[in-house]
Structure formats: C-alpha cells, structure tokens
Number of protein chains: 2
Amino acid sequence: MSPLLSVPGFAISLDRAMKAIRTRAVGRAFCSTANLGAGFDVFGLALNRYSDTVNVRVTSGKKIRIIVRGPEGRNIPVEVGKNSAGPPAAELARKARLKKGLEIIVEKRVPHGLGLGSSGATAAACTMVVNALLDLGLSNDELVQIASLGEKAVAGTPHADNVAASLLGGFVIVYDWPLRTISLKPPHGLAVVVTTPQLPVQFQKTRKARKIIPEKIPVKNAVLNLGRASAMAAAFAKGDIRLIGTGMEDQIAEPYRKDLITGYDDVRRMGLEAGAAGISISGAGPSLVALVDGDNHEPRLVAQAMVRAFAQNSVRSTSFVARPAQGASMVKMV
Amino acid sequence: MSPLLSVPGFAISLDRAMKAIRTRAVGRAFCSTANLGAGFDVFGLALNRYSDTVNVRVTSGKKIRIIVRGPEGRNIPVEVGKNSAGPPAAELARKARLKKGLEIIVEKRVPHGLGLGSSGATAAACTMVVNALLDLGLSNDELVQIASLGEKAVAGTPHADNVAASLLGGFVIVYDWPLRTISLKPPHGLAVVVTTPQLPVQFQKTRKARKIIPEKIPVKNAVLNLGRASAMAAAFAKGDIRLIGTGMEDQIAEPYRKDLITGYDDVRRMGLEAGAAGISISGAGPSLVALVDGDNHEPRLVAQAMVRAFAQNSVRSTSFVARPAQGASMVKMV
C-alpha cells in the first residue's frame, strides 16, 4: 500500500480535487440498427459506419445548453427537451447534484430519419461523456436506462435498443424494467448491409412509425416473435450467422411499417437470393438491414441486389456495408 | 469399400429385406417443463424424473390400436384421435404408405395433468419409435412437427415445446412454421425443482388453461416477454444459470393462469428467497418449476421453501428435484 493511500483523508481530498478540475470531456458513439426483425424494441447492433461526437463542458451558469454542428446537424432541435442529449444530461446533472451548467456540443455525423439510431448515438455519447465528467460511476444498465430518456424526448417512448447498442457496442439484448442488458460479441465475419430508399424523410418519423403499430397483437404473433428472437439470441451466442438470419422476421411492426417502404417484399427477396442470411427493416425504417456471413458471401452483391430491387420499383436507393462497432468511447477528458 | 457395397442392387435388396423384418420397436421419452416463464409456447426443458415407454408392433390389420398401461395409465383415452400417440403414428404411417396396422402399447409413467408434458412424452416416444420402425429417416425438426400433432389431439393446438424437449432432450427453442428447433445443452449444475400443489386435476386441463389466455395482448407485454426470452436463450447458450433466471417472468399466460394456483405469489417469492434463480408455472400448471444453480445453492432448500409456502396458503404440495434429461431413445428394435 502506498503512503498516500494509507492517509485516507488526504487521498479523498486529492480525489475530490482531481474531480474538480475535470471541466471538459469528449466522447463518441456509433450508429446502430435496432430490432433486426423479431427482436422488436429489444435487439440492437452497433455499426461502424457513422458516429456522433459529443463535447461537454461544465459552465459557470446553471443551465444546459446544446449546440449542434457537423454534416448532419441541420434540422436537429437544440432545446434540452427535444434533443436526445438533453434529458440524459439533465438526469445525470440531477444525480450528481451539479450546481453548475453544461454546454453540450454535438458533432452530428449520423444521418437522421433513416433508421440508423441517430438520436440514440447522440444520447449514448452524451450519457457516457457526462457520466465520466461528473464521475458518477454508473453501471452499464443504469447508463442505458438514462440514455433511453433521450429517445423518449424524440420518439415519445423510452426505447433502449439503439442507445444500448451505441453505448455498449456489438449485439445487445435490452430487457425488463428496471432495464437490464446482455451484450454478445457478434460473430467474426458478420457483415451488415444497410440499404436506404430515397423516400422523403418524414417529420417525427420514429414517433409516427410507432403510432401505426396497433396497441394489441394476437398471442400467436407474439409467440412467432418470441421463438424467432430467442433463436436469434442463441445464434448470436453460438456465433452462427445463418441461424441468426432464420429469426429475422417480425410480426409486430413490420407488417405495418413495410407498407411505408415501396418495394419492401422484392428488396427482401432479392437480398436473400443474393446471399443475405436475413433481412428486416432497420429500426423504424425506411432503411433495410441485411446480415451477411461475410466469410461465405459477398456483402456487396447483397447491396447491389437490394438497390436493383428498389430500382425495379422505381425507388432510388443507396447502400453501404458496415461491420459491428465497439461501444461508446472517450476521446479526451481535461 | 466392401464387396457387398460394390453390388448396389444386392445391397438395396438386403436393405429392404432388413427393413421388412423390423416388426417391433420400443423407445422411451422423458417428461418436460415448458415455457419457463417468458418462453411461452417456445421453450422446453426435458427432465429426468419420469418417462413414458412406447412399444410399437406392425400388425396384419390396417388399423392403429392403442393400449395404455403403467402406473399413470388410468383415465388416458385410447382412441387414436384422443391419445397423443395416435395422430403422430397415423401421420408417419401415411408418410410411409404403410399397408399394415400398428399396435401401440404405452407404458405410462409420466403423471398427467400436472404440467410436466405427459402427453408430449407419449407423443415424442411414439414418434421416435414409429419413425425408426418404418425407417422414414426424418429430420429432428420434422419429427417435432409430427409429434406436435399429438398435442393438438389433447390440447386443441399443436404446441411443440414439450414434444421438442422430450424428443431432443436438454433445453430446446421451437420456432417458426414450418417448425424449426434449436437445442442447447443446459448448464452443468442446473437443478430443476418441481413443486406440485395437490389441487384437483381438471378434465382437459391444458385445453382450459389455454382458453383463459386472451387472444390479443398489449404490444408492451409482448416486448417484455421478447426481451426476457431472448435473454434466457442467450443465458442458456452462455451457461449462466443466474442470468437464465432473470428472464423467468411471463406477461402472456401467467397473469391469468396464476389465479388458478392458490398461493402462487408466496411460493414464487419464498422459492426465490431460498436460492432459486427463477420460478414460473410449469407448462399449463399447476406445478411450479424453479431453476436452481445446484453448484451454489441447495435445490432441496428451494423445494422445502416452496412446499412451506403452499402450506401457509392451506395447500398441500409435493416437490421433487430433477436434472435435465437426454432426448428420446430406442430401447430395442426387432
């Protein structure tokens, strides 16, 4: 034991002093795809294509101020109650009994309105950064629950699938209340093809996409999702991409949401024919996500097939191939 | 390559001759617990406590005849359309274009009406035996689907969770249609406590227990089950008994079925306090099933706590400790 640690009082003072000088922290979190078909509101997978960076500074005021910049920053609200960084930051400040203000600069690089968890990436990055800055030492499950408050601000319900993936990385199952998470390392070789039809981005898209789902569903449909989602979870744990794909069909949201996506059935069929293990709507859409065993199939062929299928339905689309991403990470803290 | 195999015609004749003399086969299958809470209609776990033995003989007639014997054989119907061995045997005979009859002797040792998959054990044993006898060579998934026809005869719906567990052994996820299965080896050390309240066994209990579940459920309840069942599947794959237990809560059937079980909430609470990882109704009840990490907790203490809790509610009960069982197996074929 070092002499320093043998003088607890001094060590604590030093610790507090060190905390006091932490005034600025920067972190980033990747985008994600949620649901993956059967795992409606409970599965998330972080994708290494886009990330949001959040730069938080403790200020002398008492308010939280949000500034949004970056290539995808236009049309993103800056009000604390409407930006997904706001409610998590406010909750963390409350928990820390912070007497000061926070300035949050969001460098927005995740495009919004496409079904890639844009609001979730911001909420995840902000939650991670403010937790570190205020030295709250919260557990992963607590962080995910707090980050989900940001989704509530944007989508009307505190769904935690995207924020969990952006915070923890890889494949995540979110369940129960208070919220719990299980992280599984995605199989080596898993490639993720995201194909986005160029449909007009709707105002409050996620909120609307949630509203078209009926409040009640037949038990037999719930059972279909239950079995498929469980199969997918087991398959992720086993690292079997083909088996994961067998569960990527949803009876809760997709039957309603697919009507918003012209050509959905064709794109799904042609993507599967081109080698995808499974295809579903990414989050609330309109992007479609295909999981591909990259060791045995060429993801770009899947991407091309999906774009072609959209074209046959007179819809222009773009596609990219991503890999699972790591969780949110600190860039710096001063 | 042997000289015999180099003469295909002869080899086939011999093979046919060998098939022709197969006239009798005996096999057995263990009982099981279904649902395990969140996995309503999709999870099954075979238990090594009781098994049914089925002895099938090809007869000169054209009919299927069922005879039921054994310590649990009373009050079991012998009509082909009402005994769970009947419909699977009829379907397999049809597939094999059998021109003869079958005599099926069921040695019934799994008690019925307790929620231990009694009809499923008979259906599984019969399906396995007849498949072998008629040399149909069906896949596991096909066998499970055919065995589930036996459940339809008894319960009104072809639920496949019990038959899948009895056929394949261990922990099984059943999903999709046509049906698929995933088998996972249960964690070493998993002990299963089954506690049965001595309530009067109801006529057509499973059929009634299914009817009290509403046809539709709120999406938010489906999502709770989805997340928990997925967590359980991942936890079985990881071999983490404590984590399995976190998912053992059901929003589909238990809220309705538990009212049929006096003392349910107390028994569940006291069993958990005594060290169970999770507790739920076993299948359609009235037994309750507790999963226990036998390496770190004493299953008998859980059993005692559950029996005590029932007693405090003026309900007599019995309890046993089982382990996961292997799948259905042939005893002999002549």
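The side chain of T33(B) makes a polar contact with the side chain of S282(B), at 2.7 Å. This comes from a predicted model.

**T33(B) and its surroundings**
- T33(B) sits in strand β1 of chain B, which spans residues 24-34.
- T33(B) has a relative accessible area of 0%, so the residue is buried.
- Leaving out residues up to four places away in sequence, T33(B) touches several others, including F43(B), L45(B), N162(B) and V289(B).

**The nonpolar core**
- The largest nonpolar core has 86 residues.
- L36(A), L291(A), L36(B) and L291(B) have the most contacts inside this core.
- Beyond its neighbours within four places in sequence, L36(B) is in contact with residues that include F43(B), F171(B), F236(B) and L291(B).

**Aromatic pairs**
- Over all chains, the structure holds six aromatic pairs.
- In one pair, the rings of F43(A) and F171(A) have centres 4.9 Å apart and planes at 65 degrees, so the pair is edge-to-face.
- F43(A) lies in strand β2 and F171(A) in strand β5 of chain A, so this pair ties together parts 128 residues apart in sequence.
- F43(A) is buried, at 0% relative accessibility.
- F171(A) is also buried, at 0%.
- The rings of F43(B) and F171(B) are edge-to-face too, with centres 4.9 Å apart and planes at 65 degrees.
- That pair links strand β2 (residues 43-59) and strand β5 (residues 171-175) of chain B.
- Ring pairs join F43(A), F171(A) and F236(A) into a cluster.

Note on methods
Residues numbered from 1 in each chain as written. Chains lettered and ligands numbered in written order. Predicted model: local features only at pLDDT ≥ 70, side-chain atom pairs only at ≥ 80, totals over all residues. Heavy atoms only, no water. Core = buried A, V, L, I, M, F, W, Y, C linked by side-chain atoms within 4.5 Å. Buried < 20%, exposed > 50% of the residue type's maximum accessible area, 1.4 Å probe, protein only. Contact = heavy atoms within 4.5 Å. Helix = DSSP H or I, 4+ residues; strand = E, 2+ residues; numbered from the N terminus. Polar contact = N/O pair within 3.5 Å; in protein donor to acceptor, adjacent residues only side chain to side chain. Phe/Tyr/Trp six-rings, centres within 6.5 Å; stacked < 30°, edge-to-face > 60°.
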